[in-house]
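User: Please go through the labels used for this model, and set each value against its definition.

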Amino acid sequence: MGVSNKSPEFFKMNPIGKVPVLETPDGPIFESNAIARYVTRLKADNPLYGTSLIEYAHVEQWIDFSSMEVDANILRWFIPRIGFAVYLPVAEEAAISALKRSLGALNTHLASNTYLVGHSVTLADIIMTCNLVMGFTRIMTKSFTSEFPHVERYFWTMVNQPNFSKILGDVKQADSIPPVQSAKKPVQAKEPAKSRTKDEPKKEAKKDVPKPKAEEPVEEEEAPKPKPKNPLDLLPPSKMILDEWKRLYSNTKSNFREVAIKGFWDMYDPEGYSLWFCDYKYNDENTVSFVTLNKVSGFLQRMDLARKYAFGKMLIIGSEPPFKVKGLWLFRGKEIPQFVMDECYDMELYDWTKVDVSDEVQKERVNQMIEDHEPFEGEALLDAKCFK
C-alpha cells in the first residue's frame, strides 16, 4: 500500500489507485461489492444470489442497504475519531442518528427472518456481516448494540459459522468508543538563515554555562491494584462443589439415573445454587438445522465467562423444522448472576424460569434434561449440548 498501488500499471487497473482490485482474464475489476458480485456469478445458478428473480432483487436491495445505510454511517462515525477526517460533534451526532435508524430497520426485518433473504446465507448476508464487523469490533459497544437484539443475534450467528470464522477469526466486540485524536499542530517552517557579508565580523557564540540540575523527586511506582473479586466468590461456602458434580457427570458411562442423577441431588445445595429452565423466544426462526446448532454453540461459547460458576444443558428438539431450543442451567447463587446477564447478550433471547425443586414434575424435567432423555416432552432430540 502506498507504493505498488501508486504505480502507472496499477492506475490502469483502478484510476483512483485504491484497493481491492481483482485481475481477471477479461480485465481488472475494482470496488469490493463489484468483485463479490463477479465471483458469485462465476458459478451458474449460485444460491448465494437466491433462487428466484425476486430473491435476486432482494439480495441486491440488501447489498445496497448494507453499503449506503450501514457501512457509510459506521465510517462517518469512526473515521473522524481516529484522525482520518475532521471531527465535528454535530456531524458525529448526525452519523449516529442515521446509523441507529438503519440498524432499527434491519432489526425489524431480522425479528422474523434468520437471514436477509430466504432461508440460507446469500451474498447479502456476507456483505452485511463484513460491514458490521467494522462497527462491532471498532466502535459499536454492547451498550450501543443492545438496542438492536435481533441484529446482535444475527451478527454473532453469522461470524460463528465455520466459513465466516475461517476468514474473520475470533471476533470480539469493542469495549469502548475510541477517543477523539487531538489534531496535530502544523510544523512551522524555519526561517532561512541570513547570509553573512564578508565584512561582517563573526560573532562569537555565547557559551551557555550549564546550570546545576535540580534533583527531581523519584516517583514511586504505584502498586498494581488488586483485581476486584467476583461477587459470587464472596458468597458463603456451599456444600456443593461444582467441579465434583462436573466430574461425576463426565465420568458416568452407565446407570446414569442411579449414579449421576442421584449424585446430583445428593450434592445439590439450594442455599448456594439455583436451577433455571430457559426457552428460546424465537423458535419460529429455527428453520435450518445447522444454523440452529451454530446458534446454540455460539451461546455456549459466549457463556465461557461463567464456566467457574455454572453448568448447563441445551436441547435442540424436533425431527422437522422449526426446531425448539430449551435449556437447563445451574448457577452459583440464588439468582442468575448479574455479570452473566450484562455480558452475554444471548440471555435476553430466552425466557428464564426458576426451578421449584419441591415440585416433583419440575424435578423430573431436570432429570430428563441432564440425561438427554429421548423423546423429550414427546419429541425427538436433534442434538444436546453440555456446558461444563
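Analyst: In what follows, Ala, Val, Leu, Ile, Met, Phe, Trp, Tyr, Cys and Pro count as nonpolar, Asp, Glu, Lys and Arg as charged, and the others, Gly among them, as polar. The model is predicted, so local features need pLDDT of at least 70 and side-chain atom pairs pLDDT 80 or more, while totals for chains, interfaces and linings use all residues. Residues are numbered from 1 along each chain as its sequence is written, and side-chain values use heavy atoms, with hydrogens and water left out.

User: What makes up the lining of the largest cavity, by class?

Analyst: The lining has four nonpolar, one polar and four charged residues; among the lining residues are Arg153, Thr157, Arg302 and Asp346.

User: Why is the contact of Arg302 with Asp346 called a salt bridge?

Analyst: A salt bridge is a side-chain nitrogen of Lys or Arg within 4 Å of a carboxyl oxygen of Asp or Glu. The closest N and O atoms of Arg302 and Asp346 are 2.8 Å apart, so the pair meets that definition. The pair links distant parts of the chain, 44 residues apart.

Methods:
On a 1 Å grid over the protein atoms alone, a cavity is a set of points where a 1.4 Å probe fits but cannot get out, and a pocket is an open set with protein on both sides within 12 Å along at least five of seven lines; lining residues have an atom within 4 Å of a point. Helices (H or I, at least four residues) and strands (E, at least two) are DSSP runs, numbered from the N terminus.
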